[in-house]
Amino acid sequence: MASKSHQLHFILFPYMAQGHMIPMVDIARLLAQHGVIITIITSPLNSKRFASTLARTVESGLQIHLVKVPFPSEEAGLPKGCENLDMLPTLGLGIDFVSATNLLQEPVERLLEEIQPRPNCIISDMCLPYTSRVASKFQIPRIVFNGIADTVTCKSEYFQVPGLPDHIEVTKEQLPEAMHQNLQIMNEQLMAAESVTYGIIYNSFEELEPAYVQEFKEARGDKVWCIGPLQRGDKSSVDGHKCFKWLNSQKPDSVLYVCFGSLCNLITSQLIELGLALEASNKPFIWVLRGGGKSTQIEKWIEEDGFEERIKERGFLIRGWAPQVAILSHAAVGGFLTHCFLNERLVVDVLKIGVRAGTEVPVPWGGGGEEDKIGVLVKRKDVKRAIERLMDGGEEGDEMRERAIELSRLANGAMEPEGSSYVNMEMLIQDIMQQTFVRESAQCDAVNQQKFAGPHDCSLQINSNFQSSFHLLGIAMASD
């Protein structure tokens, strides 16, 4: 591990959405295990969501610090205290939420002027383009997560995505900017930020998509690091959850896990159609329903229709938070039904470990009631048919399961010492260390030139001896 006087210091900026924060905290932990000092900057309410996890990590001796910056929700026209995407009363306020994150630039800059030790690198969620301006101002390398897309003339016309190792076809309607008219503005901000970004890290591993990784490395000048799979979960937080007693009573690979995440915005009629498909499939399942006031209508249907009573022998409903990683790791779970959309081509067409059960025409995200106007897009019979293809134990399902098991083995191996993702993490740290050396050497040269007549009294010493220390199938249900 690097000596304390020469440890690298990384600043991490997680996006304020649960599915973004969890892997960023995992990145913090992994970097800290390699001897890097970590500072995570987020808002007060969001900090509470992973404070206990970080507390246990810090107790183990890792240097991870949490700094809170007030979130300007009211200044951006959001309700007071609305600091996370899952707290929005409607996803139509998503663009206002993006505007609020951009207002964080000034207070973050004030913070970085005083923070010690001086940061050597910024790792930012790609959805926070303002951090590119912060990085440029302080001349700090900025690393982000992702990047996307292109255009054609006819919205419903399929076209082959150029420059990919596989033959992948999509329509203009399926591109990200088509899902919300204002997302074009955000997309322009993301592209501008990416143009000044030093490199990109991915929550993936090279064995999963080697041809794509190689193509992207060539396009990005080799500044691409796959360091996943992240978001592996905190097992201590799920002990005793009642669903595991139920899972222990089920046969291996027999249970379908159904979850659409904390930002699920399926309309009630679509959720009802999904529930009836699960019932008609006659397969054991766990269905995670979004908690809070936003689930009132579906809960009313469940009670009045008698759904929960009818499926109680083979169905298990979870309201709100679920220990997802632990559930998916259980031997009884053999399939995963979720929204997939942008990952659908990878899961279904490239890896061939999933089946489609959705629509080819996405509904605008937070589209001002468009979902209610359009109604049910993913039909009961289509979901039931997809479940049967995946879970009935035929030749197709068995082949998908074998591929998924092999990918699981490769994924676990990637995170082990000498595994591809472990090595990539070390290479990322070495790269930033070299950038730090070059930058500080240049600063020393400037100082010594000013002290032209005197001895060279600016020295630089970088200690590089830092610590070298899917068993699942998917059903891609695209309706939003």
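**Ground rules.** I'm working with a predicted model, where local features need pLDDT of at least 70, side-chain atom pairs count only at pLDDT 80 or more, and totals for chains, interfaces and linings use all residues. Residues are numbered from 1 along each chain as its sequence is written, and side-chain values use heavy atoms, with hydrogens and water left out.

**The sheet.** I looked up the strand order and got β3-β2-β1-β4-β5-β8-β9, an open sheet of seven strands with parallel pairing. Strands here are DSSP runs of E with at least two residues, helices are runs of H or I with at least four, and both are numbered from the N terminus. Two strands pair if DSSP finds at least two bridges between them. At the edges I found β3 (64-68) and β9 (224-226), each pairing on one side only.

**One pair.** Next I checked β5 (142-144) and β8 (199-202), which run parallel and share two bridges. I143 has G199 in β8 as its bridge partner.

**H330.** I found H330 in the loop between α12 (324-329) and β13 (333-338). Is H330 buried or exposed? It is buried, because its relative accessible area is 16% (buried means under 20%, exposed over 50%, partly exposed in between, with a 1.4 Å probe and protein chains only). Leaving out residues up to four places away in sequence, H330 touches F244, L247 and N248 (contact means heavy atoms within 4.5 Å).

**R345.** This residue sits in helix α13 (344-350). R345 also counts as buried, at 11% relative accessibility. I noted that its C-alpha atom is 9.7 Å from that of R356, eleven residues apart along the chain.
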